[in-house]
Amino acid sequence: MSHLSGKNFHIIIGNTAVNVENMTATITDNSTFASTNGVPDGDIDGDVSCEGELEFSLKEFKKLNDQAQTAGSWKDLAAFDIVCSGSFGEQSEKLELFGCKLKISDLVSIDPKAAEKVKRKVPFYVTSPDFVRINGVPYLRKTDTQGL
């Protein structure tokens, strides 16, 4: 049986296809249990967030830098949707992250003894009430975003 791997994914940021060295995205859901007299008694709906990090070679980073230049600066870049889709054999996966705002963290890390490409890390956080969809299924309930 064939299995899907990171090699099988295609990443689109806004309208630009990019190749990443690494990508992570983490949802934090602060929902928790309720308790009465120290005994679990249902649950409490909490706030949610999603953030992650993209790692690029300098060649791929240039694609984003060109967009930042067109916008005027990195801080002027509008939020992007990020779509990660992959398929191999019978397996497929599609993750959609909406309204991602980009930042730069590791601007440079140079190791003269290392035989690897220079990379740039670009953290992001999700800003849209559309939030995240996993294979077309929204993470949030319709009532969570009602009126937003």
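Read along the sequence, the fold of this predicted model runs β-β-β-β-β-β-α-β-β-β-β-β-α, and colouring by secondary structure shows two helices and 11 strands (DSSP runs numbered from the N terminus, helices being H or I of at least four residues and strands E of at least two). Residues are numbered from 1 along each chain as its sequence is written. Because the model is predicted, local features need pLDDT of at least 70 and side-chain atom pairs count only at pLDDT 80 or more, while totals for chains, interfaces and linings use all residues, and side-chain values use heavy atoms, with hydrogens and water left out.

Begin with the whole C-alpha trace, which spans about 60 × 45 × 35 Å along its principal axes. Of the contacts between residues at least 6 apart in sequence, 64% join residues at least 24 apart, where contact means heavy atoms within 4.5 Å.

Next, select the aromatic rings, among which a search of the whole structure finds two pairs (rings of Phe, Tyr and Trp, the last by its six-membered ring, pair if their centres lie within 6.5 Å, with planes under 30 degrees apart counted as stacked, over 60 as edge-to-face and the rest as tilted). Select Phe61 and Trp74, a stacked pair with 5.3 Å centre to centre and 15° between the planes. Phe61 belongs to helix 1 (residues 58-71), whereas Trp74 sits in the loop between helix 1 and strand 7 (80-88), 13 residues apart. Phe61 counts as buried because its relative accessibility is 6%, and Trp74 counts as buried at 18% (buried means under 20% relative accessible area, exposed over 50%, and partly exposed in between, with a 1.4 Å probe and protein chains only).

Then move to Phe131 and Tyr139, a tilted pair with 6.0 Å centre to centre and 55° between the planes. Here Phe131 is buried at 4% relative accessibility, whereas Tyr139 is partly exposed, with a relative accessible area of 34%.

Finally, colour the model by burial, where buried residues make up 25% of the 148 residues.
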